[in-house]
Amino acid sequence: MPASAAGGLYAAATRKAMLRLLPILCLAYFMSYVDRTNIALAKTHLQADAGISAAAFGLGAGLFFLTYALFEVPSNLVMYRVGPRRWIARIAVSWGAVTSLMMFIHDDVTFFLGRIALGAAEAGLYPAMMFMVTRWFAQQDRATAIGFIYLAPTLGLLLGGPLGGALMELDDLGGLHGWQWMFLTEGLVTMAIGWVVLALLPEVPADARWLTAREAAALTEQANAGSAPRGGHTLRGNMGQAFGRPFILLVGAVYFLNQVTMNGVTFNVPSIIESLDVSGSFLIGLLSGVTGIGGTIGVLVMPAVFRRVPRESLTIGVLAAAPAVIAALFLAVASPAVRIVLIGVLSVILFGTLPVFWSVAMARMSGIVAAAGLAFINTVGLTGGFVGPYVFGLAESDSGDPASGFYIVIIVSLIGGGLAVALRRALRQEDRKAAAASSPTVERDPEVLP
C-alpha cells in the first residue's frame, strides 16, 4: 500500500478511536474525579454534622492517595494479565460502592476508613487507561489522546461542583443530610458506569466492531512502531527498566510536586471561595468550577503547544515553575474576583502539564515495562496527592485562612522547576542509549519527540 494511503488509513482509524474509545474512558475517569473530590463540597458540613476538623479533613482527603499508591503497581500487573476492559469495569463498580457507603460517615474514624477504602478500590484506574493509550495510538498522537482523557477530570471539577451542590440542597429529604444524598447518588451512578465499560469498551483495536480489519491493523502497527523494546511478559529481569531508570524517577518526582499543588488546591477551592464571603452550597459549587474551566483549557491547549515546541524538558520546566508566579500574584491581590480568576489560570498550568510528561514517559517504555512503569510513576505522584491536602490542612489550622496553602505552592513549584534541569540530562542519557541500541551510528536529537 502506498505510504500516503497507509497514512490516510491510520488517520481515519485514529479519528474513529478518539471518537468511540476515548468517551468511554472519559466517562469512567469523570466519575472517579467527582467521587474522589466531592468531599471538598461537604467539608464544612462534615465539620458541623460529624465534628471533623480542618486538620482531620486534610488528613482524610490525603489518605485516599496512600492506599491508591500502595495498590497501584499490583493492580496494574493484574490488569496486564486480565485485560484493561474487565479491570477498569471492576474498579468502577468497587469505588462506586465505597462512595455510596460513605453516606454513613459519622466521625473522624469512619471518614478515614471511607477514604482509605476508596483509594484501594480505585487503584490502577489511571495507569490502566494510559496503558490502553499505548496499545491504540502512535506516539505522535498520545499527548492529544491523553489531553482528551484529561477532559474528564476537568469536566468533573467544572460540572461536579454544581451537580454535587444541587444534590446537597436535598438536605433533610428522607431524614438524610444533603452530603449523604450526594455520596449515595454519585456512587450508584458510578456502579452503573462500570457495567457500561464492561459492555462497550474494546480491549484492543482488533476487538472494535466499529473498525475495519485494515483500520485495526493500522492502529496496532503504528502504536507499536517506534516503541521501546517490550522486554518480555514478566517483570523478572525488567525491574530496573520499569522502576530504576533516572528519567522515570525524575518524571515521578515532577509529577509528585504537581500533585501536591493540584490536590492541595482542588480540595480547598470551595472553602477558599467560601472565605471570600460567598454563601450557598450551589453557588460555591458553581464558582468552584473555575478549576474545571482552567483545566479544560490546559489539556486542550498544552498538547498543541507541545507539538509546536517539541523541547520536552524545557516545556516541563516552564510548566513546573509557573505556578509559583501565579501563587505569588494570588497572595498579593485582595480582590475576590481576581483571586478566583488566578485559581483558574493556575489550573490551566497544572492540568496542561500532565499530557506532556505522560507522553514523554510513554515514548520510552512498552509492554509489561509500560504497565509497571506507568503505574510506578503514578504511585510516586499519588503520594503528592496525600501530602498536598494534608499540608494545606495544617497551614489552614495554623493560620485560620484556607488560602495560606498558596505559600506551599510557591515552594513546591520552584523545586519542580529545578528538577526539570536534571530531567533534561536524564532524557538525553536515555535517548542516547536507545539510539545506540538500535543504530550505533545514528544519534537522534533527544529534545525531539520520537
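These exercises walk through one predicted model, with a worked solution after each task.

Residues are numbered from 1 along each chain as its sequence is written. Local features need pLDDT of at least 70, side-chain atom pairs count only at pLDDT 80 or more, and totals for chains, interfaces and linings use all residues; side-chain values use heavy atoms, with hydrogens and water left out.

**Exercise 1. The whole chain**

Task: Find how many helices and strands the protein chain has, and what share of its residues is buried.

Solution: 
- Start with the elements. Helices (H or I, at least four residues) and strands (E, at least two) are DSSP runs, numbered from the N terminus.
- The chain has 20 helices and zero strands.
- Next, burial. Buried means under 20% relative accessible area, exposed over 50%, and partly exposed in between (1.4 Å probe, protein chains only).
- Of the 450 residues, 58% count as buried.

**Exercise 2. H9 against H10**

Task: State how helix H9 and helix H10 cross, and which residues meet.

Solution: 
- Locate the helices: H9 covers residues 151-168 and H10 covers residues 178-200.
- The cut-offs: under 35 degrees is roughly parallel, over 145 roughly antiparallel, 65 to 115 roughly perpendicular, and the rest oblique.
- Now the contact, which means heavy atoms within 4.5 Å. From H9 come Gly164, Leu167 and Met168; from H10 come Gly178, Trp179, Trp181, Met182, Thr185 and Glu186.
- Sort these residues by class: five are nonpolar, three polar and one charged. Ala, Val, Leu, Ile, Met, Phe, Trp, Tyr, Cys and Pro count as nonpolar, Asp, Glu, Lys and Arg as charged, and the others, Gly among them, as polar.

**Exercise 3. One glycine in H9**

Task: Is Gly164 buried or exposed, and what does it touch?

Solution: 
- Gly164 is found in helix H9.
- Its relative accessible area is 0%, so Gly164 is buried.
- Leave out residues up to four places away in sequence. Gly164 then touches Leu41, Met182 and Glu186.
- Gly164 and Ile39 are 125 residues apart in sequence, yet 9.5 Å apart from C-alpha to C-alpha.

**Exercise 4. H9 against H16**

Task: Describe how H9 packs with helix H16 (residues 290-308).

Solution: 
- The axes are 7 Å apart, and the angle is about 160 degrees.
- H9 and H16 are therefore roughly antiparallel.
- H9 contributes Leu151, Thr154, Leu155, Leu157 and Leu158, while H16 contributes Thr291, Gly292, Ile293, Gly295, Thr296, Val299 and Leu300.
- By class, this contact has seven nonpolar, five polar and no charged residues.

**Exercise 5. The inside of H10**

Task: Compare the span of H10 with the expected one, then say what covers its buried residues.

Solution: 
- H10 has 23 residues and reaches 33 Å from its first C-alpha to its last.
- That is close to the expected 33 Å. The expected span is 1.5 Å times one less than the number of residues.
- Buried residues of H10 include Phe183, Gly187, Thr190, Ile193 and Val197.
- Their cover includes helix H2 (22-37), helix H3 (39-50), helix H5 (84-101) and H9.

**Exercise 6. A loop residue**

Task: Where is Asp172, and what is its phi?

Solution: 
- Asp172 is found in the loop between H9 and H10.
- Asp172 is exposed, with a relative accessible area of 59%.
- Phi of Asp172 is near 80 degrees, a positive value.
- Most residues other than glycine have a negative phi.

Technical notes: Axes are lines fitted to C-alpha atoms, for helices over the stretch in contact, and angles run from 0 to 180 degrees between N-to-C directions.
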